[in-house]
Amino acid sequence: LGAMAAALERALREAAAALERGGDGAAAALGAVRAALAAAGGPAAFGERERALFGAFLRSLARAPRAARPEGVWQGCFLEGPPGLALCVLLEALASPGSVRLGEVIEVLEQFLQEGRISALMWEVCQQQAQAGSPELQEALLNKIVCLPDHVSNKLQGKNPAVFFPQNYFPLLGGAVIQVLQKISDSLRGGLDCSISFVSHVLGKVCVHGRQKEILSVLVPRLTDLTKSDCIWQRICWRLVECVPDRWMEAVVLGFVQRAPGADVLSRLLGNLVVKNKKAQFVVTQKVLLLQYCHTTAVLQNLLGYLSLDSLRRALLIKVLQELLETWGSSSAVKHSPPEQQQYISKAILICLSHLKEPEIESCRQELLTSMMEGVKCHLDSNLPQIRRLGMIVAESISSKINTDGPVLKFQVKILLLFSPHPILLPRTLFLVLAKLGGRLDDDLIPYDMSEDKELKIKAPVYIRDCIEVLTGSEDVDKWEATVKTLESLVRKNPAATREVSVELAKILLHLEEKTCIEGFVELRQRAQVAVLSTDPIPVAKYLTSQFYSLNYSLRQRMDILDVLVLAAQELSYPKSHRKTKHSGAQNPCIQLLPGSDSSKDWRRIVDERIKSKTRRFSQAELASGPNEFNSVVGHFFFPLIQHFDRPLTTFDLLGEDHFVLGRLVHTLAILMYLAVNTVAVTAMGKALLEFVWALRFHTDSYVRQGLLSCISSMLLSVPTERLLQDMTEELLETQSWLGDVVEKDPDGDCRRLALQNLLLMENLKKKLKTPANLT
Amino acid sequence: MALPPPDPQFVLRGTSAAVHTLHFSCGGQEPGVPTLFSGSENGFIHVWNLKTHRVDTELDGHGRKSVYCVETIGSKNRLLSQGRDQRICLWDLAEGRTSVTDSVFTENVGFCRCSLLKVAEGRWLVAMAAKALEEVQVLELPSKTSVCTLKPEVGAKLGMPMCLKLWQLNCGSQPLLLAGYEDGSVVLWNLSMGKVLSQLVCHQEPVMSLDFDSEKAKGISGSSEKVLSIWSLNEQQNLQVYKTHKLVNAGIADITIRPDKKILATAGWDHRIRIFGWKKLKPLAVLDYHTATVHCVSFSDHKNPSERLLAAGSKDHRISIWSIYTQT
């Protein structure tokens, strides 16, 4: 072997000299080097001295003139020599090309990649590592391997060959990693020791550079196959991940969790990593579950399934569940974190619960119960329906899990659709045919006329005063039902009679409770209330708005008041001709709007429609015109509502815990503002509303904030532009900066969107102001 | 064009309370006046003379609690009545007497009418809802000895019995009981074994009334829904749905098949009496006279078919008497 080494050394020296001299001798000298290299058994047999010599040789080769480098031979020197040296020299040449052209270097690099020299390089380092190689050199090589695509593309400015594209290079690197692991596995089986840490470093650095997808798409399926039934491969795989430095651990673990096809595979690939490595534990149990919420349900299932598959890790699973529940049950988290994150956490809780076994639940039953109770409370307290629903779903699952034999919590999360009854009337012709057939076949019983057999109708009262009597005192349930059903049309037909008793009627309707189960009772009552209010707006509005802030009403009644005010305002502000058609449409209700249904959506739709309608229409149908009835009464609807919101009563505290009603109030004000367009009072209203919004702008409840932002929208749309800019300039500027804040910082997506919409509206105002000036 | 429906032949007024049950007694051997018994909400039983259309006697035996079932036992002088005071009374009305000779304390708080069946000369069976919620008890009269107690299986969830019909195929054969329950099912019971022979879910709502024609092995039931259900009993004693009939308005309080099995009448919550042909359930007439819920319908047992009457009692305190389809 010594002789071989000596021969190689000699050949190298001669070649270096030949390259210095130049001319024809170079070809022969290079050939001699390759032959000596082959004879010495490849670069693997190199000692320090040979490496240094070879390095010097390669460098001088890279500097040598074109003539001294016979085609095919000089490339061979790079491809057959020690891969680490070759890569370093090639990259140096790339950075400062001497006589070797850039294109040539790239060609050699391309061949270097395609002939699997990268895996040879890594294997070389792994072997050296086992004998403690220099860490600086390894670091340098690591950088070169991982950043190769960047180096090349920086140099070539977009003209680089396809193999250096990240989407091609990193899968190739993944293949090389597998080859190295294969060699490691072989050598382990051969009883030889070797280190895997360089491969782990490569993997970690690639992942932290954001190329998890490319490299793991090759690694994960291969490793999944290889670890299926081979425990050495499993150990190799575990070591591979364990040896990743802490600073890159997150990227690697996350990559595996996202790409593993299932929890069992993940468990095979990672082993007990989370127990051994603090950083990995933090990522798995904290970061992915509690701090991030962008991952898919499959990722959650992988992750929690992985935790459940080993007894050491199951302790972590219970800990994770407790932490998740703590977050789920924290009222501050419910209030301030986005609904998407809450949904994510709820999903994680449900998955955890499904993995828990009876004895484990037994051990933490009391804690589960406590956090469930807290969580239910703050979820049901929320104004957002989806949060309430989430709370109910999670609480039901927890309850069914912890109470295997006792009573189980059950919410009725149902959407009731009540359809109007359809009378079943046989078509007359069909009936006659049946009668004839029946007569012939059956017997000689001849039917009497049954055309009068119709659905039963109770005679309802025909005078408004009779209605009042029935609604207040009657024990006759049928009559009461008929009255409730007919009251609206009666009020509309007799406006004069209604005005005589309007406030009394409004009072009765406000306190009217459902005596029997009538289909659509809530809606019938509401329509009657709206009819009374729009027939005699001023006294009834005065009454209703004063009752909104009085003692001893239920929240439901207060919200009824708001709904009625909105609907009547809507009716009054529409031209009469429109109202007719609209009304007949409302006459046959198909679906009953249940109390608490999401009417805020309706309101927003109105605002949205309004924004859409800003587009100009050129052809307009002839419309019957009439005075705006809302003009004279709008103040009675609006101002009393805005006055007392900050004065808590003993039973009603808008700024405190009754924030749901506050939310409805704010939305109501937004609608009233919108409907007040073209009325005289609109500017005063706008000013008052802006002040109101300003006072509440930092409210913690997102439903309230949404309402406030809707208020701003409708104010911008309703108040004439000139008045806005002359009378409220400062307020508008303040509002604008607040809106900017909301767009950036609000945790609620709807709030951010509404604020953005408002900013756009403001921009439009500015434009509108400029355009006429330009025209004139 | 079909004829307009007839008017009532006459109307009996004067109960001064809602009428809950009616029973004719017109076919007796002895020459006597045709009689109609009515039980009303104020606890009185009125004995109507159908010749004069007046009340002959007023019986007060249920402590002013509603009477919801009246039947004669054998002759018109022996009467059985059931009231909301949880008692079944047996009356002796012979020779002008008006005394309660015996009574059974049912301890049942429901509205289920009892059912009476003559099994031998001087021996009757009476089925009634028992004290326990889901049970039916059968007693022998006049001895008042308990024949059996019919308990649904544990977990059957039938609810309370709502209506009962004792019957036997012919004299001397095994008596059977049909019972309609709160959950809408009709159950056929074997009395001697105390076992369910067959169960059929006929309705979604409680069965309010049923009647059975043992000759055709076919029965009919009504509930608070808009549907009449007709079912049949096959050779293996299994109940099967035969057909259903949709009504215009919901709620049937009572159903009776005329003794000649030609027609049947229903008492509707919609104030109307409906007449159907029994063979095919062909709708024949809708009698619209009452102004409140009709509680009960009953056919008379006149010997002469042409004299047969239909009576209906209503919440509006009136009893309407009709003569309809008597010529067949």
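Helix packing in chain A

A: H24(A) and H26(A) are roughly parallel to each other (angles under 35 degrees count as roughly parallel, over 145 as roughly antiparallel, 65 to 115 as roughly perpendicular and the rest as oblique). This is a predicted model, in which local features need pLDDT of at least 70 and side-chain atom pairs pLDDT 80 or more, while totals for chains, interfaces and linings use all residues. Residues are numbered from 1 along each chain as its sequence is written, chains are lettered from A and ligands numbered from 1 in the order in which they are written, and side-chain values use heavy atoms, without hydrogens or water.

H24 covers residues 464-473 and H26 residues 495-511 of chain A; they pack at about 15°, with axes 10 Å apart. Helices are DSSP runs of H or I with at least four residues, and strands are runs of E with at least two, numbered from the N terminus. Axes are lines fitted to C-alpha atoms, for helices over the stretch in contact, and angles between N-to-C directions run from 0 to 180 degrees. The crossing of H24(A) and H26(A) is left-handed (the near helix is turned anticlockwise from the far one by less than a right angle; clockwise would be right-handed).

On the H24(A) side, the contact (heavy atoms within 4.5 Å) is made by A:Ile464, A:Arg465, A:Ile468, A:Leu471 and A:Thr472. H26(A) contributes A:Ala497, A:Thr498, A:Glu500, A:Val501, A:Glu504, A:Leu505 and A:Ile508. By class, this contact has 7 nonpolar, 2 polar and 3 charged residues (Ala, Val, Leu, Ile, Met, Phe, Trp, Tyr, Cys and Pro are nonpolar, Asp, Glu, Lys and Arg charged, and the others, Gly among them, polar).

A second pair in chain A, H34 (residues 682-696) and H37 (residues 729-745), packs at about 40°, with axes 11 Å apart. The crossing of H34(A) and H37(A) is left-handed. H34(A) brings A:Lys687, A:Leu690, A:Val693 and A:Trp694 to the contact, and H37(A) brings A:Glu731, A:Glu734, A:Thr735 and A:Trp738. These residues divide into 4 nonpolar, 1 polar and 3 charged.

Elsewhere in chain A, A:Asn302 lies in helix H17 (residues 297-308). A:Asn302 is buried, at 7% relative accessible area (buried is under 20%, exposed over 50%, partly exposed in between, with a 1.4 Å probe and protein chains only). The side chain of A:Asn302 reaches the backbone oxygen of A:Val257 at 2.9 Å.

Terms used. A polar contact is a pair of N or O atoms within 3.5 Å; within protein, one must be able to donate a hydrogen and the other to accept it, and residues adjacent in sequence count only if both atoms are side-chain atoms.
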